[in-house]
Amino acid sequence: MTTAKSKPQSPAKKYKVPAVSTENTPIIQALENHLRYSSFKTKAVATQRDWYNTAANTVRDHVVERWVQTSEAYFEKDPKRVYYLSLEFLIGRMLSNAALNLGMESDIRDGLKALGQDLENVVEVESDAALGNGGLGRLAACFLDSMATMDIPGTGYGIRYEYGMFRQSIVNGQQAETPDNWLRNGNIWEFQRPESTYIVKFYGRVVEFPEYKGMEASQEYHWVDHEAVVAMAYDVPIPGYGTETVNNLRLWSAKAAREFDLKHFNDGNYEKAVEERNSSENISKVLYPNDASMLGKELRLKQQYFFVSASIQDILRRYLATHQGWDQLADKVAIQLNDTHPAIAVAEMMHQLVDFHHLPWKQAWDLVVRIFAYTNHTLMPEALETWSVELMTRLLPRHMQIIYQINHDFLHMVNHKFPGDTDLLARVSIIDESHGRRVRMAHLAVVGSHTVNGVAALHSQLLKTTLFADFDRIYPGKIVNVTNGITPRRWLNQCNPGLTQLIESRIGAGFQKDLGLLKGLESLADDAAFRKEFRRVKHENKLRLAQKIGKLTGVQVDPDSLFDVQIKRIHEYKRQLLNLLHVITLYNRIRSGRAADVAPRTVIFGGKAAPGYWMAKTIIHLINDVAAVVNEDPAVHGKLKVVFYPNYEVSAAEILFPGSDLSEQISTAGTEASGTGNMKMALNGALTIGTLDGANVEIKEEVGDDNIFIFGLTTPEVAATKAAGYNPWDYYHGNAELKEVLDMIDSGFFSVDQPDRYRQVFDNLLHNGDHYMLLADYASYVATQDAVGELYKNQEEWSRRAILNVARVAKFSSDRTIGEYAENIWKVKPLVR
């Protein structure tokens, strides 16, 4: 039943759009007004930051106008909405993206030029929003862009990290971490919402009271003696491309329920006076606090519950503002869990429905399962989050009770369906009894969701046959595939204007919303004139990248060389070390005269290592030590350079992807869920070298076998090799080049000041079993890299294959991905105004 509606507050209640409108007044006037009245400056004294604020405010006026209209349309028409819960949203810089999506980019560029400013320089002032780390956050940002572009009523929910993860610099070859104070100059694109706050509870205990309804008695649970933190909303508008829709990203900031203790202050205990505020605000300070300590683990779980609880309360408040009763809740609300981080939302929704809104357990559980869907992003059991029962009970006592009840009901159902299979019950239980009693968050997400999806065809199949094989038996059809995608607005239209303009000159505009139109480029791959123009654009992008590398690292690289690029989170399974083994192999060949005709190559690494991940940080150190030797060796004659690009982030990716020739996607087969960097590189005209892992399999199917370099063991071959007793020493003794490379690392060739610096790297590969099978794939990888080098010397053929990559990757648009979610999982329809 729908009640009479009280109109909700506009997303920009306290923001008044200036009278200036580009529909009847030139952009120049709008810019001048904002420079004068928003920045309080004149042209004579304005700094680059003033000009950025001026341009951003001018674009924001139009974003806000559409945002308000979108909010009003959602209120009036009451569509089913999608709520996307993610611990990361790597949205990057907003100014260029918003201007392009609103169709204002050329007007802003021309207006700034008329005032003596350059848009590229102005854009550089903006800090990347430090709201994520890796592919998970970039994917979430792409999805928000696609939802808005496709007019899907949707809201993202996350945390407003004050410092993000960290800012990476390279000091003496090693990763150094400093706070990423991205908010130090404010954020024009966010709107603080102090009226949208919720209490989030921690610790305490649960008291049970009998509750009587007629003659029936039941239990009522009260969470008491708890500590409280306030979650305050900050809203960021997400404009769609070529549409009036502007959706919302709501981020939560932690505030103390009691910020200042005057008694302690008056007693002279100044630290104690603000202790509660500091403790509360730590929750939203940093993304992924180091969980090597118990306090770090506790803070991570606090973060997850904090944003989940605030989001669920907000979703239910919005629903109850326009509805009485709960019959329509699942018809109006779809919640997507982006990985296991928000999985506690299943228990939180039960907590809210049962304890606060007094729904019967069975009715509440039915709603939960109809509302939630879960995206899995990993095949590695060790990467699936678990929390000790002790920690969960201490931090969230009521939720531990709820999880026990969910698990009891679930295991009862499983036992009824598969009677007597106690091993099955132990494997699928939400509580892992075999490792010190831990809560398996992925199991909670699977049990509490109507649909579970993998993010690439291979990944989803492996979920059904390995990681979640038991659940696939219990819930046939629940696990489905939705292959990841990327937004062409940021990852072509924005980051590669040269290629965008070239494509538009031949097939027209429109591919920014319908990437399938790129098929029109296929015939142009055989057009020599087009190939020449394509190479010109690529060279310009490489020149831009080379200049940026020189500025950041001091290393001068040749834009005519093959730019061989691996940029992603540093992790052993992603096998940056395998790439480095090839680099050293190539170095040995060049300095010994065995590679006189080799194509010049610049190998570019980039990515952050988690602060507590020692081996990943050691790999970064080794990369830089190898680079120091290779880049200074006169015997190399400029045929090989090695670079580590520091502080990899979205704005860096916007330079790196267009400037790449070769895309390194070399994880051990069966370990990478999907990957999206592979899609972005292919869209920007890079050829891929990779294993048959993640989305590489589907990229190969789309671009054709001749237009991708595939090497290494397949997933079944990896399993068979391990089952047969994989012995890395066999590869070490059986391959002279490999032995030479490993001995150089072990002996201190690249670390003469500390010869045993990389002994653990050597030991991991040989004495500790080479878990990710680098040595098994080494020979195939090196041979395939030889083929890469040979092809690069034939620039006509290289560019022909690169063009075919661009033409054939339409499948990997996030618009296609969101379309599948909307139709098959969320059951939502576009709301076109």
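Buried means under 20% relative accessible area, exposed means over 50%, and partly exposed sits in between (1.4 Å probe, protein chains only). With that in hand, Thr422 is exposed, at a relative accessible area of 54%. What you have here is a predicted model, where local features need pLDDT of at least 70, side-chain atom pairs count only at pLDDT 80 or more, and totals for chains, interfaces and linings use all residues. Residues are numbered from 1 along each chain as its sequence is written, and side-chain values use heavy atoms, leaving out hydrogens and water.

**Whole chain**
- The chain has 34 helices and 22 strands, counted as DSSP runs (helices H or I, at least four residues; strands E, at least two) and numbered from the N terminus.
- Its radius of gyration is 28 Å, close to the 28 Å that the globule rule gives for 833 residues, so the chain is as compact as a globular protein of that length.
- Along the principal axes, the C-alpha trace spans about 90 × 75 × 65 Å.
- Buried residues make up 61% of the 833.

**Helix 22**
- Helix 22 covers residues 528-553, and its 26 residues reach 36 Å from first C-alpha to last, close to the 38 Å expected at 1.5 Å a residue (the expected span is 1.5 Å times one less than the number of residues).
- Asp527 caps the N-terminal end of helix 22, with a side-chain oxygen 2.9 Å from the backbone nitrogen of Ala529.
- Just after helix 22, Gly554 takes a positive phi of about 80°.
- The buried residues of helix 22 include Phe530, Phe534, Val537, Leu545 and Ile549, along with Arg531 and Lys538.

- Strands run in the order 12-14-13 in an open sheet with antiparallel pairing; two strands pair if DSSP finds at least two bridges between them.
- Strand 12 (386-388) and strand 13 (431-432) are at the edges with a single partner strand each, so one side of each is left without a neighbour in the sheet.
- Strand 13 pairs with strand 14 (residues 438-440) over two bridges, and Ile431 has Val439 as its bridge partner.

- Asp564 lies in strand 17 (residues 562-567) and counts as buried, at 0% relative accessibility.
- Beyond its neighbours within four places in sequence, Asp564 is in contact with residues including Arg601, Glu664 and Gln785 (contact means heavy atoms within 4.5 Å).
- Thr422 belongs to helix 16 (residues 422-428), and its C-alpha is 52 Å from that of Glu654, 232 residues apart along the chain.

Key:
Polar contact = N/O pair within 3.5 Å; in protein donor to acceptor, adjacent residues only side chain to side chain. Rg over C-alpha atoms; globule rule 2.2 N^0.38 Å.
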